[in-house]
Amino acid sequence: MHLLIIANYSIPYYKPSPVSKGFELKAYDKSIRSSESAVLPYDAVVSCIERRSVDFQGYQPISHLEDIQVVKYGISDQFRPHFDWFSGMANPRISTIFAYLECDNCVGGATQFPDITGRFSAKWCTFIDCEDDTGAGGVAFKPVVGNAIFWSNLYPNGTGHPGVWHAGMPVKKGTKVGLNIFTRRDVAYPDEGK
Amino acid sequence: MSTQKSSSTAASLNPFQNSWFNPTILLLPLLTFGYFQWQLGSISELSEFLSPLTKLGGNSSALSKELKDDVLNYEVMRQQYAAQCPEKAFKPHIFSTDPLIIYIEDYLSLDETKYLLNLALVIPL
């Protein structure tokens, strides 16, 4: 009896994470992105996290959020350097919040911004891998469960910022699970009246 | 008897795809299941005095109690969040202003992370 229940709980309702190639949405390319994603359904707890995310950004309308996605990275899974914005997007993603849900004895799996350089206080070494030996350069935020990274994808004039080029570094050990919260400039799903 | 019980629980998780359907109602059968587990738990504790054979089931009993507690906790949490979003204290640290990158410490509580992980497991494709 117990086994049956456990088995039911561990069915992975994840799909391979899509990669957007320009306007070709829903393309799957394991060489670029090998994680699995699950879009979360409507739920009271999810709603509160959505509310928290728009309030943090100066009380944006909640309708500007894309559905929150859970992204799972197993061993050697990664998301090669990419932008969350694409030039010419009619309704661009103005910001990204990436939060860590799980790092089950995980090694690797940092969120790397290869083009961010400059000096920062040693206090940041709590969150940033100061002994980063991946050779990727820039800064690597370590996977710390419960913590999140927020960034703006665009310059104030609406064009994409090249500095937010980032990657989900390969997981060397364990599993890393993250949460993607994307905010659009306008209503995310205008046809659904959400 | 017990096999029947578990398969009905498994089936009750699937109708989640009807988004208009209140998930709370769907979880009600799990409460019965929890009660059932509790009953079985006390019976097996009693029978430990009577027969050493029941000790074989000791591990799985502990495991199911954990699972039962989790399911009940998620349900309690869902009700609390539905009534009112809790005030969540977090610590933002500006890492960069150009581009704007803000590191947010404690953005999600430990319970929230567990809840979301579980939610990602039980939603249908």
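**Exercises on a predicted two-chain model**

Tyr59(A) has 9 C-beta neighbours inside 10 Å, so it counts as exposed (exposed: 12 or fewer other C-beta atoms within 10 Å; buried: 20 or more; partly exposed in between; C-beta atoms are placed from the backbone). This is a predicted model: local features need pLDDT of at least 70, side-chain atom pairs count only at pLDDT 80 or more, and totals for chains, interfaces and linings use all residues. Residues are numbered from 1 along each chain as its sequence is written, with chains lettered from A and ligands numbered from 1 in the order in which they are written.

**Exercise 1.** Locate Tyr59(A) and state its phi.

*Solution.* Tyr59(A) sits in the loop between H2 and E5 of chain A (helices: DSSP runs of H or I, at least four residues; strands: E, at least two; numbered from the N terminus). Its phi is near 60°, a positive value in a residue other than glycine. Most residues other than glycine have a negative phi.

**Exercise 2.** Check the span of helix H2 of chain A, then place its buried residues.

*Solution.* H2(A) has 13 residues, 44–56. The expected span is 1.5 Å times one less than the number of residues. That should give 18 Å, and the end C-alpha atoms are 18 Å apart, which agrees. The buried residues include Val45(A), Ile49(A) and Phe56(A).

**Exercise 3.** Find the cis peptide bond at Pro99(B) and its setting.

*Solution.* The bond from Asp98(B) to Pro99(B) is cis, with omega near 5°. Pro99(B) lies in the loop between E1 and E2 of chain B.
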